Amino acid sequence: MSMRIFSTCAALLLVTACGKPDNAVLAEAEESAAAQAADNGSIKCAINGDSNFTAGCQTERLSGENGVTMIVRHPDGGFRRFKVLTDGRGLEAADGSEKATIEIVEDDKILVSVGSDKYLMTARMKTADTADAANAADEPAPQAGN
(Lines give C-alpha, C1' and ligand atoms only; values in the text may rest on other atoms or scores of the structure.)
Protein backbone atom coordinates (compact mmCIF):
# COMPACT_ATOMS: atom_id res chain seq x y z
CA MET A 1 0.00 0.00 0.00
CA SER A 2 2.74 2.46 0.95
CA MET A 3 4.60 1.62 -2.28
CA ARG A 4 1.52 2.56 -4.32
CA ILE A 5 1.19 5.91 -2.49
CA PHE A 6 4.91 6.59 -2.95
CA SER A 7 4.68 5.84 -6.69
CA THR A 8 1.73 8.18 -7.10
CA CYS A 9 3.46 11.00 -5.20
CA ALA A 10 6.67 10.50 -7.20
CA ALA A 11 4.73 10.70 -10.46
CA LEU A 12 2.99 13.90 -9.35
CA LEU A 13 6.31 15.47 -8.37
CA LEU A 14 7.83 14.59 -11.73
CA VAL A 15 4.92 16.07 -13.64
CA THR A 16 4.90 19.31 -11.64
CA ALA A 17 8.69 19.62 -11.82
CA CYS A 18 8.58 19.61 -15.60
CA GLY A 19 6.47 22.76 -15.67
CA LYS A 20 3.35 23.41 -17.69
CA PRO A 21 3.20 21.94 -21.19
CA ASP A 22 3.08 24.29 -24.18
CA ASN A 23 -0.53 23.96 -25.39
CA ALA A 24 0.29 25.12 -28.92
CA VAL A 25 2.97 22.45 -29.28
CA LEU A 26 0.63 19.81 -27.87
CA ALA A 27 -2.20 20.86 -30.21
CA GLU A 28 0.11 20.71 -33.24
CA ALA A 29 1.40 17.28 -32.22
CA GLU A 30 -2.14 15.97 -31.69
CA GLU A 31 -3.28 17.37 -35.05
CA SER A 32 -0.31 15.84 -36.82
CA ALA A 33 -0.81 12.48 -35.13
CA ALA A 34 -4.53 12.49 -35.97
CA ALA A 35 -3.83 13.34 -39.62
CA GLN A 36 -1.25 10.58 -39.92
CA ALA A 37 -3.52 8.08 -38.16
CA ALA A 38 -6.44 8.97 -40.45
CA ASP A 39 -4.60 8.02 -43.62
CA ASN A 40 -1.95 5.82 -42.00
CA GLY A 41 0.68 8.03 -43.64
CA SER A 42 -0.15 6.70 -47.09
CA ILE A 43 -0.34 9.05 -50.08
CA LYS A 44 -0.79 8.55 -53.80
CA CYS A 45 2.34 8.97 -55.87
CA ALA A 46 3.70 8.51 -59.38
CA ILE A 47 7.42 7.82 -59.22
CA ASN A 48 10.12 7.98 -61.91
CA GLY A 49 7.86 9.54 -64.56
CA ASP A 50 5.03 7.03 -64.15
CA SER A 51 1.66 8.54 -65.13
CA ASN A 52 -0.40 6.22 -62.89
CA PHE A 53 -0.82 7.24 -59.27
CA THR A 54 -0.78 4.47 -56.68
CA ALA A 55 -1.13 4.60 -52.87
CA GLY A 56 2.38 3.20 -52.46
CA CYS A 57 4.20 6.11 -50.78
CA GLN A 58 4.39 6.63 -47.01
CA THR A 59 4.85 9.96 -45.23
CA GLU A 60 6.56 10.71 -41.97
CA ARG A 61 6.75 14.08 -40.21
CA LEU A 62 9.68 15.04 -38.02
CA SER A 63 9.77 18.17 -35.85
CA GLY A 64 13.09 19.81 -35.09
CA GLU A 65 14.75 23.12 -34.31
CA ASN A 66 14.38 24.23 -37.94
CA GLY A 67 10.68 23.37 -38.20
CA VAL A 68 8.85 20.35 -39.56
CA THR A 69 10.32 18.06 -42.19
CA MET A 70 8.17 15.63 -44.17
CA ILE A 71 9.80 12.52 -45.55
CA VAL A 72 8.03 10.71 -48.40
CA ARG A 73 9.22 7.12 -48.78
CA HIS A 74 8.85 5.44 -52.19
CA PRO A 75 7.89 1.78 -52.66
CA ASP A 76 11.30 1.15 -54.30
CA GLY A 77 13.19 2.36 -51.20
CA GLY A 78 13.90 5.89 -52.44
CA PHE A 79 12.67 8.98 -50.61
CA ARG A 80 12.26 12.75 -50.81
CA ARG A 81 12.51 15.25 -47.96
CA PHE A 82 10.37 18.39 -47.81
CA LYS A 83 10.41 21.35 -45.45
CA VAL A 84 6.86 22.16 -44.30
CA LEU A 85 6.39 25.92 -44.66
CA THR A 86 4.14 28.01 -42.43
CA ASP A 87 3.79 31.01 -44.73
CA GLY A 88 1.05 29.51 -46.92
CA ARG A 89 3.33 28.18 -49.68
CA GLY A 90 3.06 24.58 -48.50
CA LEU A 91 6.29 22.64 -49.03
CA GLU A 92 9.73 23.07 -50.49
CA ALA A 93 12.38 20.49 -51.28
CA ALA A 94 14.64 20.13 -48.24
CA ASP A 95 17.62 18.95 -50.25
CA GLY A 96 18.75 18.27 -53.79
CA SER A 97 18.99 20.60 -56.75
CA GLU A 98 15.45 20.16 -58.02
CA LYS A 99 12.77 22.52 -56.75
CA ALA A 100 9.32 21.37 -55.76
CA THR A 101 6.33 22.79 -57.65
CA ILE A 102 2.90 22.79 -56.07
CA GLU A 103 -0.46 22.86 -57.81
CA ILE A 104 -3.84 23.00 -56.06
CA VAL A 105 -5.96 20.23 -57.57
CA GLU A 106 -8.94 20.23 -55.16
CA ASP A 107 -10.10 22.24 -52.14
CA ASP A 108 -8.01 20.09 -49.81
CA LYS A 109 -5.45 18.45 -52.12
CA ILE A 110 -2.20 19.55 -53.71
CA LEU A 111 -0.01 17.98 -56.37
CA VAL A 112 3.67 18.24 -55.45
CA SER A 113 6.14 17.58 -58.27
CA VAL A 114 9.91 17.21 -57.94
CA GLY A 115 11.80 16.06 -61.01
CA SER A 116 9.98 13.01 -62.39
CA ASP A 117 8.21 12.24 -59.08
CA LYS A 118 4.67 13.42 -58.26
CA TYR A 119 2.76 13.24 -54.98
CA LEU A 120 -0.93 13.85 -54.30
CA MET A 121 -1.31 15.11 -50.74
CA THR A 122 -4.01 16.41 -48.44
CA ALA A 123 -3.37 20.02 -47.42
CA ARG A 124 -4.90 22.69 -45.21
CA MET A 125 -5.49 25.77 -47.31
CA LYS A 126 -5.29 29.23 -45.78
CA THR A 127 -8.54 31.12 -46.09
CA ALA A 128 -8.71 34.82 -46.98
CA ASP A 129 -9.50 35.58 -43.31
CA THR A 130 -6.45 33.64 -42.14
CA ALA A 131 -4.20 35.35 -44.70
CA ASP A 132 -5.57 38.81 -43.78
CA ALA A 133 -4.94 38.16 -40.08
CA ALA A 134 -1.39 36.98 -40.80
CA ASN A 135 -0.69 40.04 -42.97
CA ALA A 136 -2.12 42.40 -40.33
CA ALA A 137 0.17 40.87 -37.73
CA ASP A 138 3.18 41.55 -39.98
CA GLU A 139 2.37 45.25 -40.47
CA PRO A 140 4.08 47.74 -38.13
CA ALA A 141 1.92 49.54 -35.62
CA PRO A 142 0.95 53.11 -36.60
CA GLN A 143 3.01 55.80 -34.89
CA ALA A 144 1.90 59.22 -33.73
CA GLY A 145 2.99 62.13 -35.93
CA ASN A 146 5.33 64.83 -34.70
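The dialogue below goes from confidence to layout, sheet, core and surface.

Student: Where do I start?

Tutor: Start with confidence, as this is a predicted model. The average pLDDT of the protein is 73. A score of at least 70 is reached by 58% of the residues.

Student: Over residues 1–19, how many contacts does the model have beyond four places in sequence?

Tutor: It has 0 there, and pLDDT stays under 50 over that stretch. Residues 137–146 also have a pLDDT below 50. Beyond near neighbours in sequence, residues 137–146 have 0 contacts in the model.

Student: Next, the layout. How many helices and strands does the protein have?

Tutor: Count 3 helices and 8 strands. Then read their order from the N terminus: α-α-β-β-β-β-β-β-β-β-α.

Student: What is the order of the strands in the sheet?

Tutor: Sheet order is about who sits beside whom. Here the order is S5-S4-S3-S2-S1-S8-S7-S6, in an open sheet of 8 strands with antiparallel pairing.

Student: Which strands stand at the edges?

Tutor: They are strand S5 (91–93) and strand S6 (101–106). Each has a single partner strand, so one side of each lacks a neighbour in the sheet.

Student: Show me one pair. Over how many bridges do strand S2 and S3 pair?

Tutor: Strand S2 (residues 54–64) and S3 pair over 7 bridges, in the antiparallel sense. To find your place, look for Leu62, which stands opposite Thr69 in S3.

Student: How do I read a core?

Tutor: In soluble globular proteins, nonpolar side chains tend to be buried together. In this model, the largest nonpolar core has 14 residues. Those with the most contacts inside this core are Ile43, Cys57, Val72, Phe82, Val112, Tyr119 and Met121.

Student: Which elements give two or more residues to this core?

Tutor: They are strand S1 (42–46), strand S3 (67–73), strand S7 (109–114) and strand S8 (117–122). S7 gives the most, with 3 residues.

Student: What share of the protein's residues count as buried?

Tutor: Of its 146 residues, 18% do, taking buried as under 20% relative accessible area. The protein exposes about 10900 Å², and carbon and sulfur atoms supply 54% of that area.

Student: And how far along the sequence do contacts reach?

Tutor: Take contacts between residues at least 6 apart in sequence. Among these, 26% join residues at least 24 apart.

Note on methods:
Residues are numbered from 1 along each chain as its sequence is written. This is a predicted model: local features need pLDDT of at least 70, side-chain atom pairs count only at pLDDT 80 or more; totals for chains, interfaces and linings use all residues. Side-chain values use heavy atoms; hydrogens and water are left out. pLDDT is the predictor's confidence in each residue, from 0 to 100. Contact means heavy atoms within 4.5 Å. A nonpolar core is a set of buried Ala, Val, Leu, Ile, Met, Phe, Trp, Tyr and Cys residues joined through side-chain atoms within 4.5 Å. Buried means under 20% relative accessible area, exposed over 50%, partly exposed in between (1.4 Å probe, protein chains only). Helices (H or I, at least four residues) and strands (E, at least two) are DSSP runs, numbered from the N terminus. Two strands pair if DSSP finds at least two bridges between them. Accessible areas come from the Shrake-Rupley method with a 1.4 Å probe; for residues, only the protein chains shown count as cover.
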